[in-house]
Amino acid sequence: MMKPCLTHPQPDENGYFGNYGGSFIPPRLESIMKEIDTAYREIRGDPAFLEELGGLFKHYVGRPSPVFHAGNLSREFGGAIYLKREDLNHTGAHKINHCLGEALLAKKMGKKKLIAETGAGQHGVALPTAAALVRLECDIYMGEVDMCKEHPNVVRMRILGARVIPVGQGRKTLKEAVDAAFEGYLKDPVNQMYCIGSVVGPHPFPMMVRDFQSIIGLEAREQFEELTGRLPDHVVACVGGGSNAMGIFTAFLDDSGVVLHGVEPAGRNLEIPGEHAATLSKGSPGIMHGFKSYMLQDEEGEPGKVYSVASGLDYPSVGPQHGYLHDLGRVRYHAINDKAAIEAFFHLSRREGIIPAIESAHAVAHAMKMAREGETGSILVNLSGRGDKDIDFVVENYGAQYGIQDLS
Ligand SMILES: *Cc1c(COP(=O)(O)O)cnc(C)c1O
């Protein structure tokens, strides 16, 4: 069994990765965040905790997830494309890795309830799963518009025993859900734990979520070496908040020969604000949701409108460690538009028999582009999730283009 390793050099004790990160929160939350930080720093080196989490990764999530050589894609485009199969995890994506970590930590701290917001409902399903397993209550805040759009996920959450709290303010989507969840959290931060769904938010969350996700790269590095006798030339991952990307990048940060690529959503048009969510490609430093990082902002410095065909990628900020790695030049950031992502969605489905999440399809599209443009080295792609959740949407909006007639 591969045990998670949760100790990494960054961030500093105040939660900074260079200029980014930190904690910008109401004073009454400061002591609570300190407590979480202290509790986490204690358990992350505790062999019993690592044993428990490693056991759940193996026997509950189904880790290690395989690394698969996508032979058909590789032959078609040249080069050598490999996939780290996070889509095969229990609940269908990488999110279960950090949800289990956060849930175990909350349990150890004596919390009674996990709370979170959700947009498309993926974090909203992974968290109640972890809550059921470690026997904690779970409240999920969700905009009423998203509840209609993502009805099957709402049903899943309720079956898993979570309370889904409809949010009817404003545009009734993710931003209002974040605000409502935060208010709910402030009512009782002693008994509740706010479980953030990516490497974002105030310290210690960007560090904690990264640590829990770093099992992806730890496994992949060893598996890739075993398969090929060497390390990959390139590692590619999609970036929404940035957790699956940090999960696979972390193990390779010190391997200067491995080029790391983060893929952001270019949406409908990378040149028009509001039509994409490419935070590092087009944003500038700013503060929102309790941390400093790159941010897409409007003229008043408020979080800008964002759009992507992949609802898991449309976030106007990005994890602070990505901001740091961007400025260092250690990770190269690219943007892939809706059209290329959908093309990759069908291509991977039809050439390899793997239906990817539309989020993950952005990373696949970038790998296909690199190979087409003559990259002959090996490319390891983090396939962050499976596409079952996306099939109805894709067929309704793009089916005709790909030879799928109306199914009704
Ligand atoms: C949520 C999600 C993402 C985006 O989140 P990150 O924190 O950037 O990883 C990507 N892929 C899948 C399958 C997701 O569910």
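**First stop: the ligand**

Select the ligand and the 17 residues around it, of which Lys95, Gln122, Ser198, Gly242 and Ser243 come nearest; a residue is counted here if one of its heavy atoms lies within 4 Å of the molecule. This is a predicted model, in which local features need pLDDT of at least 70 and side-chain atom pairs count only at pLDDT 80 or more, whereas totals for chains, interfaces and linings use all residues. Residues are numbered from 1 along each chain as its sequence is written, and side-chain values use heavy atoms, with hydrogens and water left out.

Next, display the side chain of lysine 95, where an N or O atom is 2.6 Å from an oxygen atom of the ligand. The side chain of glutamine 122 likewise places an N or O atom 2.6 Å from a ligand oxygen. At serine 243, a polar side-chain atom lies 2.7 Å from an oxygen atom of the ligand.

**Second stop: the two domains**

Colour residues 19-57 + 95-210 as domain 1 and residues 61-92 + 214-398 as domain 2; these bounds come from an automatic or database domain assignment. Their C-alpha centres lie 23 Å apart. The contact (heavy atoms within 4.5 Å) takes 27 residues from domain 1 and 37 residues from domain 2.

How much area do domain 1 and domain 2 bury between them? The value is about 2,500 Å², 62% of it on carbon and sulfur atoms. Buried area is the accessible area (1.4 Å probe) that two parts lose on being put together, summed over both. Now select Tyr20, Phe57 and Arg210, which supply 30% of the area that domain 1 buries against domain 2, more than any other three residues.

Between the domains there are 0 salt bridges, a salt bridge being a side-chain nitrogen of Lys or Arg within 4 Å of a carboxyl oxygen of Asp or Glu.

The structure as a whole holds 20 salt bridges. For one of them, select arginine 63 and glutamate 86, whose side chains meet at 2.7 Å, N to O. Arginine 63 lies in the loop between helix 2 and strand 3 (67-69) and glutamate 86 in the loop between strand 4 (80-85) and helix 4, so the pair ties together parts that are 23 residues apart in sequence. Helices (H or I, at least four residues) and strands (E, at least two) are DSSP runs, numbered from the N terminus.

**Last stop: backbone geometry**

Most residues other than glycine have a negative phi, and most peptide bonds are trans. Go to the bond from glutamine 10 to proline 11, which is cis with omega near 0°; proline 11 lies in the segment before strand 1 (16-17). The bond from histidine 203 to proline 204 is also cis, with omega near 10°, and proline 204 is in the loop between strand 8 (192-194) and helix 9. Finally, select arginine 135, which has a positive phi of about 65° although it is not a glycine. Arginine 135 is in the loop between helix 5 and strand 6 (137-143).

How values were computed. Polar contact = N/O pair within 3.5 Å; in protein donor to acceptor, adjacent residues only side chain to side chain.
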